[in-house]
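Biologist: I would like to learn how to read a model like this one, feature by feature. Could you take me through it?

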Amino acid sequence: MFGALASAFHGSHLWADRWLQRPKDAVLKGLHGDELVYPSDGKSAAEVSRENETPVPACVVGRRAATAHVLTYAAGQLIVTEAVARILGLRLPWRAQLAGAVINFGTHWIIDRRRFLLWLAKRVNHKDTFIAVATVMRKPDTEPDTSGPGTALSDLDQGLHKLLGVIAAAVMAHLAVPARRRVRGTAC
């Protein structure tokens, strides 16, 4: 059960995280602060004036984008997990699915909002230095990108998501396998 769930989470992670994520959500999910921005693209209302769109605080736009992303991620991963379980003839009780969802999707939202990830990176082997150095230039004569694909921040984000997927798979397997079938120290 654990192997099937861990494989399903690992195998579906990038597809659900990158392929299903709307570009708008990818750009906006890390916005924070009280600065007024436009929800469609995150542009500052102080720099651009639009008659047909009402600006809102950046933190609201960031939370909405992160939530939209996690909902599409969750839907994709739940579909793959259920398909794998059915193909293999495994039974996933609702409480196991709920526990896995809380771990996978709740932590995904927290990590993708970036504040916790940056806080953790600073405290674990000074990964904040790695984040500052491992950047990419997307276009000539522009500032280096510190958070998109190919950057240290993106790699740390993916590594943490995958680690938490393993933990979610272990918790789900534990809840899915009846206690009478689990005996510590017995061979598989």
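**Reading the fold and its spaces**

Modeller: Gladly. The protein chain has seven helices and two strands, where helices (H or I, at least four residues) and strands (E, at least two) are DSSP runs numbered from the N terminus. This is a predicted model, in which local features need pLDDT of at least 70 and side-chain atom pairs count only at pLDDT 80 or more, while totals for chains, interfaces and linings use all residues. Residues are numbered from 1 along each chain as its sequence is written, and side-chain values use heavy atoms, with hydrogens and water left out.

Biologist: What pattern does the protein chain follow along the sequence?

Modeller: The order is α-α-β-β-α-α-α-α-α. The C-alpha trace spans about 65 × 40 × 25 Å along its principal axes.

Biologist: How do I read a helix crossing, and at what angle do H1 and H7 cross?

Modeller: Axes are lines fitted to C-alpha atoms, for helices over the stretch in contact, and angles run from 0 to 180 degrees between N-to-C directions. Here the axes of H1 (residues 2-19) and H7 come within 9 Å and cross at roughly 145°. Contact means heavy atoms within 4.5 Å; among the residues making it are Phe2, Leu5 and Phe9 of H1 and His161, Val166 and Met172 of H7. By class, this contact has eleven nonpolar, six polar and four charged residues. Ala, Val, Leu, Ile, Met, Phe, Trp, Tyr, Cys and Pro count as nonpolar, Asp, Glu, Lys and Arg as charged, and the others, Gly among them, as polar.

Biologist: And how do H3 and H4 cross?

Modeller: Their axes come within 10 Å and cross at roughly 145°. The residues in contact include Val70, Tyr73 and Leu78 of H3 and Asn104, Phe105 and Trp109 of H4. The contact of H3 with H4 has seven nonpolar, six polar and three charged residues.

Biologist: How should I read aromatic pairs, and how many does the structure hold?

Modeller: A pair of aromatic rings is described by the distance of the centres and the angle of the planes. Rings of Phe, Tyr and Trp (its six-membered ring) pair if their centres lie within 6.5 Å; planes under 30 degrees apart count as stacked, over 60 as edge-to-face and the rest as tilted. The structure holds two such pairs. The rings of Tyr73 and Phe105 have centres 6.0 Å apart and planes at 80°, so this pair is edge-to-face. It links distant parts of the chain, with Tyr73 in H3 (residues 58-88) and Phe105 in H4, 32 residues apart.

Biologist: What separates a cavity from a pocket?

Modeller: On a 1 Å grid over the protein atoms alone, a cavity is a set of points where a 1.4 Å probe fits but cannot get out, and a pocket is an open set with protein on both sides within 12 Å along at least five of seven lines; lining residues have an atom within 4 Å of a point. Grid points are joined across faces, edges and corners, and a volume is the space filled by probe spheres set on the points. The count here is one cavity of 30 Å³ or more, with a volume of about 40 Å³ for the largest cavity. Tyr73, Asn104, Thr107, His108, His161 and Leu164 line the largest cavity, and H4 gives the most, with three residues.

Biologist: Which residues are closest to the centre of the largest pocket?

Modeller: The largest pocket holds about 610 Å³ of space. Of its 24 lining residues, Ala26, Val27, Arg114, Ser147 and Gly148 are the closest to the centre. H7 supplies the largest share of this lining, four residues.
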